Amino acid sequence: MSRPRKILAVTGGVGGAKLAVGLAQLLGPDELMFAVNVGDDFIHLGLHISPDIDSLTYALAGQNNQELGWGRAGETWQFIETLGSLGGDDWFRLGDKDMALHMRRSLMLQNGASLSAATQEVTQRMGIAHRVIPISDDPIRTVVQSTQGDLMFQHYFVRERCEPAVHGFRFEGMANAVLNPTIAAYLADCDAIIICPSNPFVSVAPVIEVAGFLAATEQIPTIAVAPIVGGIALKGPAAKMMQELDIPTTALGVAEHYQHKYPHLLNGFVIDSTDADSLPDFNLPTIATQSVMSSLQDRIALAEACLDFFDQLAA
Ligand code: FO1
């Protein structure tokens, strides 16, 4: 059995982008497409910000800011610091270089372009051959239901530093959001789907809950990589959210959450080697491998392991 050659990778921002980079090293632009979360998007300072699309774009272009873990490499901050000194909103740190991207996208959108078209323009200009596709061109906005009331995602994540306890999420606009036709067409002869190690509640859910996605993927082998390793989130507030939602903060907890909420979604699951003791507890095919990705080699090795896993599942 040969490896799947047409893969859709579902990803949120920084955590998922690491595996995305590994996959992009192994698969060509006709073999790999990225379906990206837009629930983190918001209008800020009059600009359309798409944090997950941008994190993936910067990572694929080798332009991600490794010190901060978000934003663009080699950044300067004159704009936001000057804005702050004038009494403007400076809690969301827009770097000078990053601003150019938001400005370019926002003006394209104002002139009638879709988010897909604006993303294609930026990714191509940054030398990215793979297709980075927003899950929908319609607005989907993640609202975090918390002890401080309903918070727009970036208000919860950046302004409130994920401190409020969460008890749920809703995705404004989801009911009217149309699955991106480019993704729908790709799924028609897609061989395999990889859910990158992104937050299940605020990165993966707003992608897979877009009408038509789950139905279109039911017959396609799908695996997810756990974003929790040794009870700790690889990135961001996933473990804290799980605790607050009364879900065990383990890789098994993530798998069971997916299986309970989306019964036909997963055919396989990938956990970190440090959690290998829990392998017998999974009731779906599961492999343990190194999923903590510190280097490019780690990203490629995890991508290889995911592709090999599809061979095992087929056999
Ligand atoms: N994350 C932060 O923690 N603080 C920031 O000030 C911040 C600014 C920012 C600007 C543009 C952008 O595209 C992303 C930015 N992020 C920032 C990251 C972002 O909020 C999160 O990483 C994602 O939304 C979570 O996936």
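**View 1. Arg161, an exposed loop residue.** With 57% relative accessibility, Arg161 counts as exposed (that word means over 50% relative accessible area, buried means under 20%, and partly exposed is in between, using a 1.4 Å probe and protein chains only). Arg161 sits in the loop between H6 and strand S8 (166-172); helices (H or I, at least four residues) and strands (E, at least two) are DSSP runs numbered from the N terminus. Its phi is near 50 degrees, a positive value in a residue other than glycine. Keep in mind that this is a predicted model, where local features need pLDDT of at least 70, side-chain atom pairs count only at pLDDT 80 or more, and totals for chains, interfaces and linings use all residues. Residues are numbered from 1 along each chain as its sequence is written, and side-chain values use heavy atoms, with hydrogens and water left out.

**View 2. Cys162, a buried loop residue.** Look for Cys162 in the loop between H6 and S8. Cys162 is not a glycine, yet its phi is positive, at about 60 degrees. Is Cys162 buried or exposed? Cys162 has a relative accessible area of 11%, so it counts as buried.

**View 3. The shell around the ligand.** Here you see the ligand with 15 residues around it, and the closest are Asp40, Asp52, Phe92, Arg93 and Gln154 (a residue is near a molecule if one of its heavy atoms lies within 4 Å of it). By type, the shell holds 8 nonpolar, 2 polar and 5 charged residues. Which element gives the largest share of the shell? That's H6, with 4 residues.

View 4. Gln154 puts a polar side-chain atom 2.7 Å from an oxygen atom of the ligand. For Asp52, a polar side-chain atom lies 2.9 Å from a ligand oxygen. Arg93 uses its backbone instead: an N or O atom there is 2.8 Å from an oxygen atom of the ligand. On its own the ligand has 530 Å² of accessible area, and the protein covers 89% of that (areas come from the Shrake-Rupley method with a 1.4 Å probe).

**View 5. Met241 in a helix.** Met241 belongs to helix H10 (residues 238-244). At 0% relative accessibility, Met241 counts as buried. Met241 and Arg72 are 169 residues apart in sequence and, C-alpha to C-alpha, 27 Å apart in space.

Notes
Polar contact = N/O pair within 3.5 Å; in protein donor to acceptor, adjacent residues only side chain to side chain. Nonpolar A, V, L, I, M, F, W, Y, C, P; charged D, E, K, R; others polar.
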